[in-house]
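Morning, everyone. Please have a look at the next slide, and then we'll walk through a few pieces together.

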Amino acid sequence: MTTGLVFSKIASRLGYHIYDFVQYPSLIRGGHNTYDVIFSDEIQSGLKWEIDCLVCLNKETFDQHKNRLAKDAIVIFDPVDIDETILTEVKNKVAVPMEKILTDLKGQAVMKNTIAMGASLAALGADLEELFKIIEEQFRKKGQEVIDFNKQLAKKGYDQVKNNYASIIKTVLQKKTTDEKIVITGNDAFSIGSVIADCRIYVAYPMTPSSSVLATLAAWQEKTGMIVRHAEDEISVINTAIGSSFAGVRSSVGTSGGGFALMVEAVSLAGITETPIVIFLSQRPGPATGMPTWTEQGDLLFTINSGHGEFPKIVLAPGDVEEMIELTGEAFNLADIYQTPVIIMSDMLLSESHQSLLKRRFDDIIKSYQINRGKLVNKISNDKAQISNQIQSSNIKTINFLRYQVTEDGISPRLIPGTPGYYYQANSYEHLEDGHTTEDSKERIKQVDKRNKKNTSYLTGHFQTPKIYGDIKAAEIVFVAWGSSKGVVLEAQKILGSQGKKTALIHFTYVYPLDKEKIKKIFIGNKRYVLVENNSDAQFGKLLQQQTGIEINEKILKYDGRPFWPEEIVNYLNK
Amino acid sequence: MSTIQDFSGYPPTWCPGCGNHGIGIAIKSALTQMNLSPSDISVVFGIGCSGNMNDFLNAYAIHSLHGRSIPTAIGIKLANHKNPVIVIAGDGDCYGEGGNHFLHACRGNHDITVIVHDNRVYGLTTGQAAPTAQKGYRSKSTPSGIIEVPLNPLALALTQGASFIAQTFAGNVTHLTEIIKLAVQHKGFSLVNVLQPCVTFNKINTYKYYQERSYLLPKEYQSGNLEQAMTKTMELNEEKFPLGIVYQDDRPAFTDQLTQIKDGSLVSKNRFTGFDLILKEFI
């Protein structure tokens, strides 16, 4: 467990809501790594610019982040790394001789983290109880000696602050009685959601920032019974999942933009064969290899247009970990109901940032979740309509199931292969209702119309309009965002609210296809609409215009690989 | 009891004299002789003349993408490992476009039977050189003769860990039928490389060509001997074609090593609901 996550968990266990964000280069060792943790009495949805306590494990940390220090910030540092004279403007300096403690006790370099953690908890007024528990959990397998040694290091850091800097200590992190919380990332939330949804096969090829889903689900597979396959490439990944889905089990794949690019031919295959599949796509800045460990919402238009030919697909973009669990469950239902690809879009920010979620809320999601497998059947009634119009001679014992039967809603019954007495093919070529290949003009039109009808059925049956945060009627400024940009706008709204500004947010999670009439009703006239997107091309803005005719002229866009700071949005509006 | 007719879909559209006719008959005969019905098996077809068998063979099937039939078949097997899964692919399909999948499926010893219609040309796109084409083969895409040496499917499968490697000939339906039965019965990855004349585009590797250069492996041939098998597979370089099981071992199949499905197939299992078990680590 990384030290930042240890801090997040301690704060959560003490009763606070947390949000964290990790920044690291695409290297295994070295480079400048930072970990922001924000803890609050309120739900925290995004980052915060001002740092109240900066822990410097080297001088670079101070140099890079001094511009973010709050007026009365605490700076914890090792006098070996940082000469106190450069900290003249820092009011609350806390010197912790971490190197010296390590040398004295013969610890390893990585244990500096433990000393710093002890010091940080002291500086914020917490005790060591929760840290000790985590040390015990983390090092249980390594034995009592390792546990005791780590506790000793933490205590050294803690005592250094308690004994020498009592006046600086801020008592902001103390145990409160609150409901139990879990601390999860967007990737964790997708993993949990897929287990709840009874996904039985997950196939992936490692690609940042989606890789931790593969690791998490693989680690669980003996418990959950899910089969997790690390295939040779993303092409194999999605075709494997299409095979298993055809065979009747809920199947899913995960990747980032480059891997998804390799998958798109098979997205089209899922489209024409009408095979349900859930694709988890965690974006990072492209093109090509781009910036692997950073964040961007740059693949929206690619995703909605993915796959050659015309076929329906559904794209969902959760805004936070709670929505990720819920929409993952929904995605598996939608894939089964509409028998078509459903893509869940995340990005590095949502995939790798931890957020706290009330355990009670989680239990509610599980209780309310109902598996809906749509028109999947594994037993056939003697319904004549099901039986192919092929001439049945008495010699024929198996019947060609009408897999692509034309129906009112465009959705055909799907039979689990292996059902005795029947057979059918899922055909990559255009096909007749019974699955056989056709190039006939009328049959082609029938099947295209049938598949397209699923779009209409989805828009009337399951499409959800965007959620509104704040009062649009009263708002002077109405933000429009999709996916992971929700959090930052909510945080900006808090700040703007405290400045007396009335704002609202229209946040889209059901991003494609969009229902024109339902959405137009939400965008009432005479408002200042501001689009917030973590990309350079305002891709959602373009999609919204294409699908609904609504054009948003004012845009806040960011595409340096970093997520927005709420303060950037506030500053934009105040300039 | 099932009959050939149960498996017979549309009448084949292959060229008169095409080796695919023999392969199609052999597959149906083998399945019938094994007393399987169209409901008991899954077949994944690649794209090409071979893949066009999709309409001529009744079964639960996917007519998949060019080159991707193997991963699709692996997916079906993972979901329901109780039923046989057969891949019908061409040489360009399986060894060219899908080469990566082929070698990794050998490594994984996935319990699927891959029947490759090896005619050494791209038939459906009018005769371009396939990865198995002989060096110097002239075609629309290689007018001065192909520069590459042919891919050696048997040697590739052998070195990548396939546990059943056989070669047979579209002109010998009896042998073909027997080999397909053994391949489907084999637990693990089985390759059946079928030497298949393309009467329309390949004027070199004809029935006569293979009749002169192929031979049945003798009864005393030990298919479990890896070194000997290696030597056999290299006979391709001398344009000699051994027919029969070149190599076979009993390495456990991929699905045999998954504890998740030791008590039943994935598709038939009950839903997992121990959510608190996985939630602990997040508190």
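How many of the residues of α4(A) are buried? The answer is 12 of 12, so mostly covered, where buried means 20 or more other C-beta atoms within 10 Å of a residue's own, with C-beta atoms placed from the backbone. Among them are A:Lys112, A:Ile115 and A:Leu121.

Some ground rules. This is a predicted model: local features need pLDDT of at least 70, side-chain atom pairs count only at pLDDT 80 or more, and totals for chains, interfaces and linings use all residues. Residues are numbered from 1 along each chain as its sequence is written, while chains are lettered from A and ligands numbered from 1 in the order written. pLDDT is the predictor's confidence in each residue, from 0 to 100. Its mean for chain A is 95, and 97% of residues reach 70 or more. Residues 382-394 of chain A fall below 50.

Back to α4(A). Helices (H or I, at least four residues) and strands (E, at least two) are DSSP runs, numbered from the N terminus. This helix covers residues 112-123. After α4(A) comes A:Gly125, with a positive phi near 85°.

Now β10(A), residues 277-283. Seven of its seven residues are buried. A:Ile277, A:Ile279, A:Leu281 and A:Gln283 point one way; A:Val278, A:Phe280 and A:Ser282 point the other.

Which strands pair with β10(A)? Pairing takes at least two DSSP bridges. β9(A) pairs with β10(A) in the parallel sense over four bridges. There, A:Gly254 partners A:Phe280. β12(A) also runs parallel to β10(A), joined by seven bridges. There, A:Leu281 partners A:Met345.

Key. Expected span 1.5 Å × (residues − 1). Contact = placed C-beta atoms within 7 Å.
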